[in-house]
Amino acid sequence: MPAFELYQPASVADAQKLLEQHGRDAWVMAGGLDSFDWLKDRIKKPKAVVDLSGIAELKGIRATSDGIEIGAMTTLTEVVKNPIVKEKYGLLAQGAELAASPQIRNQGTLGGNVSQDARCWYYRAGWPCYRAGGNICYADTPTGRNREHAILGADRCVAVNPSDSAPALIALDAKFVLRTPKGEKVIDAEDYFIGPEMDITHLNILRPGDLLTAIRIPSTWAGAQFYFEKVRDRNVWDFALLNVASAMKVSGDKIDSIRIAVNGAAARPLRLRAVENAVQGKSKSAETGEMAGKLAVEGAVPLQFNAYKIPLMRNLVKRAIGGVQEASWA
Ligand SMILES: Cc1cc2nc3c(=O)[nH]c(=O)nc-3n(C[C@H](O)[C@H](O)[C@H](O)COP(=O)(O)OP(=O)(O)OC[C@H]3O[C@@H](n4cnc5c(N)ncnc54)[C@H](O)[C@@H]3O)c2cc1C
Ligand code: SF4
């Protein structure tokens, strides 16, 4: 790896000072799983690495007056095993448990999982594409390898967001707590993620000097009916081709309220508001699921090798609504 200065602050305040001091030359390191790929491949060459692993205040899961707060440096394994998460917010436990492999979940953090970069082959191999600051997309060509890429929301770059926890957090109405040079900011999970139309070189709104410190989950959906499904080529250690997360409150067979999000379809995890509005008040049935699935993929545009994602997304949304499992996952 190219040499860098390693900083290991013990507090958020010290980490912020270091990030401010080094500006664009600094790299935030969480569990290191995405970070080390970039560094070892010599594609990203920061002058300073700020390792968050010694900051106790960023770790752990706390009950709050209205839900829970998860420190950004809490590992995916801790999230999956936490009794409150399992009992009340099982949707997040399901999404987090389907990420990667046990070893990666033991080291990878929730903050890192939602902040990880795109997995497009060309970009990861250091090709000078749009996302890397260039003016071409190598994936969106007649022969480009784009089987894993976007069917919605593309704009020059067709890469997708790879996180399995992100759609679950959106469906749970989570809030992301950021520390920026201007102070603390709390935003909706949905607004943390951005598409290429906003900034083609980033998948989230973090800018130099910013830290994600915690994720808050309100009690709104505690104990609701949850559905999480991930489709991938291998059953372990593989990114999603698509995933879907939904939280639903039902009386009798009527859907009172719902949140639903998919990832792997676009550069940002997509909250499907049109679907939410269309199914609210309807019966929780295969018929409603069918209608929702069709609505979800309206406007989808396939690339050369990913047309399969359109029926796949339609069916995942259909199942998430028509065939929701009881929240018995624990
Ligand atoms: C082989 C492999 C397979 C994987 N499969 C999956 C999968 O199937 N599903 C899935 O969801 N994930 C998968 N992952 C991702 C993995 O789950 C990790 O969560 C992810 O790589 C990043 O977590 P990390 O804690 O290691 O963060 P790092 O790699 O250290 O950081 C990731 C990025 O986030 C930034 N960052 C991290 N934390 C913060 C913070 N608190 N504030 C500001 N910026 C921050 C870093 O600067 C960096 O850019 C896989 C990873 C690997 C290597
Ligand atoms: S899809 Fe995006 S990341 Fe991949 S080559 Fe095209 S511009 Fe680069």
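Predicted model: local features only at pLDDT ≥ 70, side-chain atom pairs only at ≥ 80, totals over all residues.
## A quick tour of the strands and the ligand shell

In β11, asparagine 263 is the bridge partner of asparagine 243. Local features here need pLDDT of at least 70 and side-chain atom pairs count only at pLDDT 80 or more, while totals for chains, interfaces and linings use all residues; side-chain values use heavy atoms, with hydrogens and water left out. Residues are numbered from 1 along each chain as its sequence is written, and chains are lettered from A and ligands numbered from 1 in the order in which they are written.

- Strands β10 (residues 242-251) and β11 (residues 254-263) pair in the antiparallel sense over nine bridges; helices (H or I, at least four residues) and strands (E, at least two) are DSSP runs numbered from the N terminus, and two strands pair if DSSP finds at least two bridges between them.
- Both belong to an open sheet of four strands in the order β9-β10-β11-β12, with antiparallel pairing.
- β9 (225-231) and β12 (270-271) each have a single partner strand, so one side of each is left without a neighbour in the sheet.
- Helix α5 (residues 90-97) packs on this sheet and touches β9 and β10, where contact means heavy atoms within 4.5 Å.
- The direction of α5 makes about 10 degrees with that of β9; axes are lines fitted to C-alpha atoms, for helices over the stretch in contact, and angles run from 0 to 180 degrees between N-to-C directions.

**The three-stranded sheet**

- Here the order is β1-β3-β2, in an open sheet with parallel pairing.
- β1 (5-7) and β2 are the edge strands, each pairing on one side only.
- From one strand to the next, the twist averages 25 degrees.
- β2 pairs with β3 (residues 48-51) in the parallel sense over four bridges, and alanine 26 stands opposite alanine 48 in β3.
- Helix α1 (residues 12-22) lies across β1, β2 and β3, running at about 165 degrees to β3.
- α2 packs on the sheet too, touching β2 and β3, and its direction makes about 140 degrees with that of β2.

**A hairpin**

- β6 (residues 175-180) and β7 (residues 183-188) form an antiparallel pair over six bridges.
- Two residues sit between β6 and β7 in this hairpin.
- Phenylalanine 176 stands opposite isoleucine 187 in β7.

**Around ligand 1**

- There are 32 residues around ligand 1, and Val28, Asp34, Thr109, Asp164 and Trp237 come nearest; a residue is near if one of its heavy atoms lies within 4 Å.
- Oxygen atoms of ligand 1 are 2.5 Å from a polar backbone atom of valine 28, 2.8 Å from one of glycine 32 and 2.7 Å from one of aspartate 34.
- On its own, ligand 1 has 970 Å² of accessible area, and the protein covers 92% of that (Shrake-Rupley method, 1.4 Å probe).
- The elements giving two or more residues to the shell are β2 (26-29), α2 (33-40), α7 (110-115) and β8 (211-218), with the largest share, four residues, coming from α7.
- By class, the shell has 17 nonpolar, 11 polar and four charged residues; Ala, Val, Leu, Ile, Met, Phe, Trp, Tyr, Cys and Pro count as nonpolar, Asp, Glu, Lys and Arg as charged, and the others, Gly among them, as polar.

Technical notes. Polar contact = N/O pair within 3.5 Å; in protein donor to acceptor, adjacent residues only side chain to side chain.
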